[in-house]
Amino acid sequence: MPLEVAEKAGACFGVERALALVERTLDEATGPVATLGPLIHNPSVVDELASRGVRAVDEPPHAPGTTLVIRSHGVAPEVVELARERGLRVVDATCPYVKQAQRAAREHLLAGRQVVVLGEAGHPEVDGILANAPGAIAVTKPEDLGGLQRGVSVGLVSQTTQTTERFARIERALREQGHEVVASRTICAATRQRQEAAVELSKRVDEMIIIGGRNSANTTRLAKLCAKHCPTHHVEGPKELDPRWFKAGMKTGVSAGASTPRAQIEAVCRAIEKLLGEGGEGPWQSPS
Ligand code: SF4
């Protein structure tokens, strides 16, 4: 087949769930609906929601009766409290895997451990985890551990998109510094699975098309990884496909970031098939 979609591609469980919750909210809500920040890193999805009246806001609005959707990254518990104080209805679309990380941080704190979160401070998911365990610190490398009190017991938690290798490096560094460590490997496999499948495909095709928002870190990373093996183009939708990329007889691979809904993959696949002069059943039914 001249067109093949990576075995794992596109919207992850948490994103699918958040999108479904917004759809249900739109069906049921009697007042305005807003999301706290853009629902996902995908401009066409965010624009489409905006065209249906769903605003992305920076903080809980002062408009009682509004339904506020918390996106899959999660937020600090105080933000939900503030929203409720302002008379908002809260729909929590925090991914259950992120909730698990938040819960682990809280449990470590209650057990009297210093909480260390592997992840970048300032990222909404990491800030949400930190807010669940006051006093917790975020680190990305062993050198960031310098400020820890000597000998203190540590509860180690991860941002869901970190790698197991990086987690193991931090855990090892903590033990070498003499800390007792209770590790909660709160890492989600979705990002790694998409990367592995895309790289495997990129080694077997003449070019790769990666679909997803340019503001999506995991989509950009997919494109970078594939570009090591074959010419790779990152597009947000079918309109960005350049006919000059497609030549008779060539094999094209497709993958998409964890914030790219299936419908977008389908639309791009159909457009590529037209450019390749193909018809019939597309390969877009396979990604998961
Ligand atoms: S990448 Fe994993 S943790 Fe993040 S939203 Fe998707 S399923 Fe949830």
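The domain assignment divides the protein, examined here as a predicted model, into three parts: domain 1 (3–10 + 190–285), domain 2 (13–95) and domain 3 (97–184).

The relation between domain 1 and domain 2 was then examined. Taken over C-alpha atoms, the centres of domain 1 and domain 2 lie 29 Å apart. Nine residues from domain 1 and eight residues from domain 2 take part in the contact. About 700 Å² of area is buried between domain 1 and domain 2, and carbon and sulfur atoms contribute 47% of that area. On the side of domain 1 that touches domain 2, six residues are polar, two are nonpolar and one is charged. Four residue pairs, with both residues at pLDDT 80 or more, are in polar contact between domain 1 and domain 2; the count of salt bridges between domain 1 and domain 2 is zero.

A search of the whole structure returned one cavity of 30 Å³ or more. The volume of the largest cavity is about 50 Å³.

Definitions and conventions
Residues numbered from 1 in each chain as written. Predicted model: local features only at pLDDT ≥ 70, side-chain atom pairs only at ≥ 80, totals over all residues. Heavy atoms only, no water. Domains from an automatic or database assignment. Contact = heavy atoms within 4.5 Å. Buried area = accessible area lost by both parts, 1.4 Å probe. Salt bridge = Lys/Arg side-chain N within 4 Å of Asp/Glu carboxyl O. Polar contact = N/O pair within 3.5 Å; in protein donor to acceptor, adjacent residues only side chain to side chain. Nonpolar A, V, L, I, M, F, W, Y, C, P; charged D, E, K, R; others polar. 1 Å grid on protein atoms, 1.4 Å probe; cavity = no way out; pocket = protein on both sides within 12 Å on 5 of 7 lines; lining within 4 Å. Points joined across faces, edges and corners; volume = space filled by probe spheres on them.
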